[in-house]
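User: Please take a close look at one helix and its surroundings in the structure below. A connected account of the packing around that part would be welcome.

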Amino acid sequence: MTEENPNHKEKKAKLEAEQRRRMREEYEKLTLTEQPKKQMKAAESNTKNTIILEEGDANISSASKHGKVDDECVESFMEQLKAKVKSEVDYSDFQILEEDLGKDLRTVGRFSVPLRLEHIAKRIKDGFGDITSHSSQSDCAAKPTYLLFCAAIKEMDDLKLDQVNKTKLLLWRDAINNALNLQFNVDFAIKHLFKIARAYFGFKVMEGKSGEEMLKLKNVDGNLEVPEDCLREAEYFSGKPLSTGLLR
């Protein structure tokens, strides 16, 4: 057996090292080129969505000053909530997941959840059983969607009507729709979200008005138009967590 020439071995090693260096440089160049494009695209998309949503909230506020939020305005947004759009909801959309993911884990049913989600996950389980029981996904595949769903319900439990806007409601819709798409048993959550949305419109009309002004609203006096169910839901959630009526 012929022994390989030491000089040849050294040249071969240098050549391989040079190839690895070039591949690394090409990868870094690609990353530096593509990442800003992706970030810019995402930023443009988020900005566009934010402008649309903020304009929607501004229109509601403007209309509410005149005591008017009509059925068309309400139903238009309700259709948005019902839409099966592609969801881009992520852990970063929920502060509790961004801060606590992987920390102080507690087991609830089939999943381990951050400590601050343990109580809400138990309440969901106690009220509705294993919401993932009909899903064909493995525990590993289902867990991200489960955590996002729990985080959305946790926010409902933490917030009141004066602390939400349309952007938040659509975020909750996406988290719930993700769960529905994986055949989670969470119809109860989307129905509850519809109630919150109607309450939101009612709250926008009621906000800052006196009792006498509210009586006029309820009587639909003159040019004032307020869907009665929106006022009813707003009164129901008044001063209460938005999870009221959903969890035990």
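The request concerns helix H4 (residues 115–128): against which elements do its buried residues pack?

Analyst: This is a predicted model, in which local features need pLDDT of at least 70 and side-chain atom pairs count only at pLDDT 80 or more, while totals for chains, interfaces and linings use all residues. Residues are numbered from 1 along each chain as its sequence is written, and side-chain values use heavy atoms, with hydrogens and water left out.

Helix H4 has 14 residues and spans 20 Å from its first C-alpha to its last, close to the expected 20 Å; the expected span is 1.5 Å times one less than the number of residues. Helices (H or I, at least four residues) and strands (E, at least two) are DSSP runs, numbered from the N terminus. After H4 comes Gly129, with a positive phi near 75°.

Leu117, Glu118, Ile120, Ala121, Arg123 and Ile124 are the buried residues of H4, where buried means under 20% relative accessible area with a 1.4 Å probe, protein chains only. These residues pack against helix H3 (95–100), strand S1 (105–108), strand S2 (111–114) and helix H5 (139–158), contact being heavy atoms within 4.5 Å.

Of these neighbours, S1 and S2 pair in the antiparallel sense over four bridges; strands pair if DSSP finds at least two bridges between them. Leu105 has Pro114 in S2 as its bridge partner. Two residues separate the strands in this hairpin, where Gly109 takes a positive phi near 65°.

Rings of Phe, Tyr and Trp (its six-membered ring) pair if their centres lie within 6.5 Å, planes under 30 degrees apart counting as stacked, over 60 as edge-to-face and the rest as tilted. The ring centres of Phe111 and Tyr146 are 4.5 Å apart and the planes lie at 20°, so this pair is stacked. Because Phe111 belongs to strand S2 and Tyr146 to helix H5, the pair ties together parts 35 residues apart in sequence. Both Phe111 and Tyr146 are buried.

How values were computed:
Buried means under 20% relative accessible area, exposed over 50%, partly exposed in between (1.4 Å probe, protein chains only).
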